[in-house]
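Subject: Handing over the two-chain model

Hello,

Here is the structure I promised to pass on. Please open it first, then read the notes below.

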There are 2 protein chains.
Amino acid sequence: MRTQTQIPQKAFSADSGFIHSYQQLVRKTVIPYQYSVLCDEAEGAEKSHVVQNFINAAKALKGEDSGDGFYGMVFQDSDAAKWLEACAYSLALFPDGELERTADRLIEKIADAQDQDGYLNTRFTICDREKRWTNLLEAHELYCAGHMMEAACAYYEATGKDRLLNVMLKNAEHIYKIFITDGHEGFPGHPEVELALLKMYKTTGSKHCLELAEHFINVRGTDPDYYKKESLRRDWSVWGNDPGDGVYQQSAVPVRKLDTAGGHAVRAVYLYTAMADLAAETDDKELLEACERLWESITLRQMYVTGAIGSTACGEAFSVDYDLPNDTAYAETCASIGLMFFASKMLESTVDGKYADVMEQAFYNTVLAGIALDGKSFFYVNPLECVPGISGVTAIRFHTLTQRPGWYACACCPPNAARLISSLGKYAYGENPDVAFCHMFVQGTVSFSNGLTVRCETEYPYGFDIRYRIGGSGRLAVRIPGWSKKTSLSVNGTQREIVLDRGYAYLKVSDGDEILIRLDKAPRFVYASSRVPGLSGRACICRGPLVYCFEGVDNNGDVLSLSLKSGGTVSVLDKENELGGAVRLSADAFRITQQDRDGHFPLYSSVPPLKEACSAIAVPYYTWCNRGENQMRVWLPVE
Amino acid sequence: MRTQTQIPQKAFSADSGFIHSYQQLVRKTVIPYQYSVLCDEAEGAEKSHVVQNFINAAKALKGEDSGDGFYGMVFQDSDAAKWLEACAYSLALFPDGELERTADRLIEKIADAQDQDGYLNTRFTICDREKRWTNLLEAHELYCAGHMMEAACAYYEATGKDRLLNVMLKNAEHIYKIFITDGHEGFPGHPEVELALLKMYKTTGSKHCLELAEHFINVRGTDPDYYKKESLRRDWSVWGNDPGDGVYQQSAVPVRKLDTAGGHAVRAVYLYTAMADLAAETDDKELLEACERLWESITLRQMYVTGAIGSTACGEAFSVDYDLPNDTAYAETCASIGLMFFASKMLESTVDGKYADVMEQAFYNTVLAGIALDGKSFFYVNPLECVPGISGVTAIRFHTLTQRPGWYACACCPPNAARLISSLGKYAYGENPDVAFCHMFVQGTVSFSNGLTVRCETEYPYGFDIRYRIGGSGRLAVRIPGWSKKTSLSVNGTQREIVLDRGYAYLKVSDGDEILIRLDKAPRFVYASSRVPGLSGRACICRGPLVYCFEGVDNNGDVLSLSLKSGGTVSVLDKENELGGAVRLSADAFRITQQDRDGHFPLYSSVPPLKEACSAIAVPYYTWCNRGENQMRVWLPVE
């Protein structure tokens, strides 16, 4: 049973504020740039060929020569889908006729590339048509379909236009015929279509979509050898994935038996998101309990303080409990986006601050770190320590780049972040007929379906006063973050005691009310469990939802010499224009000063290093690496 | 020019003491066990087939059926060679008719496997004879020849028997014909034959051996594309090594241009050993300067405090400067043995305590850690931190096993350690016509070539008094370790001022003199350069040459909760019989005690963890993991 749901995309609007500025960045910079990439018109970007693939597929369907054929990853189509989805959400926020016409034209190209039977995938339409549905492990046909379904729902929601939605309904019927009517075995190697089919069901009411989603979720892992059998039936492979690695591809056990988050992190959280959504939809307690176990497995034992998950580059995967290395972290941007999806769906069953706390933690730290402040370069991998000369160089750190690249062939993260940011209102606000929910503090106006309107004003995450101006009357539930140790609440200027129910303050509100919430603005030290080997004796600094880090550029080029003073003070500095208005912190610290002839302390010495007191300057983690390549460290030793 | 040389194997003898007990362990346990492995008679060990390979090769040479053919690694023959070398050194220490007969029989089998032209390698004698010398990159023919030459020299030195020496002289002449007379291009992918040929030259006076060693050293890297060309000429490969990876196989630049230790660590130090030996032999200053640069590259920037080198498992290789992770360390036992070889040869050009300090550091920590106290199991990889559940499990730590395995298919380290320990007298003592050198403190009697005898009595590394009783007269040079901050010297009971010349005290001694040296016995904290990212805010504890570590078994099963008290005291406990008489230390420390319902501090918390003062118990690093699987950590946070 759903306690509450995400608000519709168009229910939220804003004309200023922190999130608004990111939504503008996506609109003005990310979306146009990404479209130029899809069209192979972006200078310096790797060839994408995404749009041309659809054009060529349409030709192939007409029996014409398909030109230069298919190019790219087997999931290349999904780049178009994620761009369209971001574009749709952005159009809902910022109507833009020219952008909408561009999107419409792309949708026509996509429609043209759909086969008569509803099949839609340029890779297996342009070539190898006989290979359709024969390699669910690797071929990403259902993954691409899922992303296009999400785009279709978003575009319909934003514009009311059902062209793409009808294409994808037809595609869903085709998939239904293959997997349900014809009984084709199997389930997707990369979960995604499941959560998308549930969106299709919600948007269109198609029972077949619900049935298909249930089918793919329920059949997964029931035959742990399915992929081995499939691989024996084919004589080709995409990457040579091991069909026996059930943990990696989430096929080792039936989903209701899962208790440990494992394998490829994005695959995992996309699957868990669908599981949580289906559990809420069908009131499936066993499935919801599995989701709760997986949530605990992630957030109590396998998550970085930045809300990043998937600590190993080997398989872009979860590792084992408490294995959270700073320097070799994979911590993919997309995995944290998926974690937000999962959190949002868990909130629909159970309104509990623990879900929204993590959703916010992932967003303000790892997801935002994925995007340069100018919106032009992107991190796929988000380590918590970077030492140029070692990071990006040594074998176990090849993946931890020291600068955001502009684009990459496997471009999953940038458009994923774009669609997330543009639809952030859905994650920040929720509703049921009786209650309006504020899960995150996002400035803007929300028109809830029950008629209540809430205008939120805040400088969050740099200001900690949140003001809600109410239109209409009803009930409002505001999350009080777990990190806020001192919180005050006033209604129309009168202090009220805060009574928390699972992390939320529930209030009756009336037209014209002004609610003011003051969260704890003090920077705080955060310590990790001693079970995490790499964090022994260390602490990091957080303020509000933001994890801070220390960069060389603010600290004489050397953060490895810094340690925090135990019990020291942390002061709040002015906003930094260079960092998009981010607020820096200054912490009481020590710096090793002793030097040998080489300018440094010897490799090993029995003489304790000389230290001097200093102020260590910290910046929000998400702003790191916007001022050139330099050292960065989140966790410092404390002494 | 050589300032001094290693003593002959038979010049050292002992009947008690720390090293003697290890030499007895090698004699009584390691050598018999390893021979049973070579004969495939050891229970539970992986199939070796080494002896059978020689038998089968002899059959093949006679045109008979070669039975079950060749089995094993391409360098399988070298296991026999290293065993024979260890056996030879052990026979010199402990005459043993039965063992000698066993060795003689093996030598006959080896001799029978030599081709008429002098070629000796079972792999390419049993099969693929046409492939001889066509894959210098991978096929290890020169590597195996080198080890057998070392065995031949050792066996001759120990027993006076020249059967194997003549076999290997004939083999060297064959190699000379191929590479010098016939002008076959190339040089070995794994250095080893160079240092062996120099031993052959010293043992036999063969100028061809010297010329060959010079040739292989000088030609290396002069054509950086040599291996690429070689690989284009063949249609087979052993492991598919990249012929373009010149750093890995030490072929990127001519040896005199080297300035950074890089690539496969064992390959590197075997090569540097030969370079240093040749530089001393031929008074080649340019070559010696390259060796000095490489020594600094290793010891000032790339060496663990345990004397381990080669910090990355990727290529079993050196990484980059200051990349010395504790938990993912490769730190191969053989690489530290090779570092001792290199140190010993550097000492022959320049008597400087910095070489002997590192030689000792590598020996007492990494090399000894390679062998279980009972001599029955062996570490190949020597991390400085072990956390069962993470170590040996996660992708970047598959190689860091939590227990010593009994034997492995690629069995380089165990016999390598056996030959090193059995010949330790050569490393501990050196000589020239005028001076007797004591580089390491090894109890026993040394008869120097000039007639001086020195009897050393000491409980080192657990006692720090070293007593030398002199027979004859002459000059004695005793190394005073760099770590000894308080040292006293007395001659016949009279205190003498210590005048150090590059770390050595030079003394005139007369018959009947008794020299007593008292080294600093205080445990000491050691700190690392702040350039080593993983060691920020940490210290380790050393005493004498021993690095200590903290094991779970002594510390409530949990060393991750421990931190050392800054400025705290470290006390010396009694000898521990369970650890072969090792002395444990007790350090003032803190332990995190705060627990959540799960028995542990939450993953992240803004509440500082509660701590209580405690004593942290440390054991010598080399003794770790002799009491079952448990946590281990060398470097603890300091607060």
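In which sense do strand β5 (residues 435-438) and strand β9 (residues 474-479) of chain B pair, and over how many bridges? They pair in the parallel sense, over four bridges. Helices (H or I, at least four residues) and strands (E, at least two) are DSSP runs, numbered from the N terminus. Two strands pair if DSSP finds at least two bridges between them.

Some ground rules. This is a predicted model, in which local features need pLDDT of at least 70 and side-chain atom pairs count only at pLDDT 80 or more, while totals for chains, interfaces and linings use all residues. Residues are numbered from 1 along each chain as its sequence is written, chains are lettered from A and ligands numbered from 1 in the order in which they are written, and side-chain values use heavy atoms, with hydrogens and water left out.

**Strands in chain B**

**A sheet in chain A**

Seven strands of chain A form an open sheet. Their order is β2-β6-β7-β8-β14-β10-β11, and the pairing is antiparallel. The edge strands are β2 (12-13) and β11 (494-496), each pairing on one side only. Inside the sheet, strand β6 (residues 444-447) is joined to β7(A) by four bridges. Ser447(A) stands opposite Thr453(A) in that pair.

A salt bridge also belongs here. The term means a side-chain nitrogen of Lys or Arg within 4 Å of a carboxyl oxygen of Asp or Glu. Arg518(A) and Asp465(A) form one, at 3.0 Å from N to O. Arg518(A) is in strand β14 (residues 514-518) and Asp465(A) is in strand β8 (residues 465-471), so the pair links distant parts of the chain, 53 residues apart. Over all chains, the whole structure holds 90 salt bridges.

**Where the chains meet**

How many residues of each chain are in contact? The count is 62 residues of chain A with 62 residues of chain B. Contact means heavy atoms within 4.5 Å.

The two chains bury about 4300 Å² between them, 60% of it on carbon and sulfur atoms. Buried area is the accessible area (1.4 Å probe) that two parts lose on being put together, summed over both. In chain A, Tyr527(A), Leu603(A) and Tyr604(A) lose the most area to chain B. Together they make up 18% of what that side buries.

The rule finds two salt bridges across this interface. One of them joins Arg397(B) to Asp323(A), with the closest N and O atoms 3.1 Å apart.

Which elements of chain A give two or more residues to the side that touches chain B? They are α12 (285-301), β15 (524-528) and β21 (604-605). β15(A) gives the most, with five residues. By type, the residues on that side divide into 33 nonpolar, 15 polar and 14 charged. Here Ala, Val, Leu, Ile, Met, Phe, Trp, Tyr, Cys and Pro count as nonpolar, Asp, Glu, Lys and Arg as charged, and the others, Gly among them, as polar.

Ser605(A) stands opposite Tyr527(B).

**Symmetry**

A rotation of 180 degrees, with 0.1 Å of shift along its axis, superposes chain A on chain B at an RMSD of 0.0 Å. That is the relation of a two-fold axis. Copies are superposed by least squares on the C-alpha atoms of residues with pLDDT of at least 70 in both. In chain A, the C-alpha nearest the axis belongs to Glu639(A), 2.4 Å from it. The same surface serves both copies: 100% of the contact residues of chain A recur in chain B.

**Backbone details**

The peptide bond from Tyr460(A) to Pro461(A) is cis, with omega near 10 degrees. Pro461(A) is in the loop between β7 (453-458) and β8 of chain A.

Best wishes
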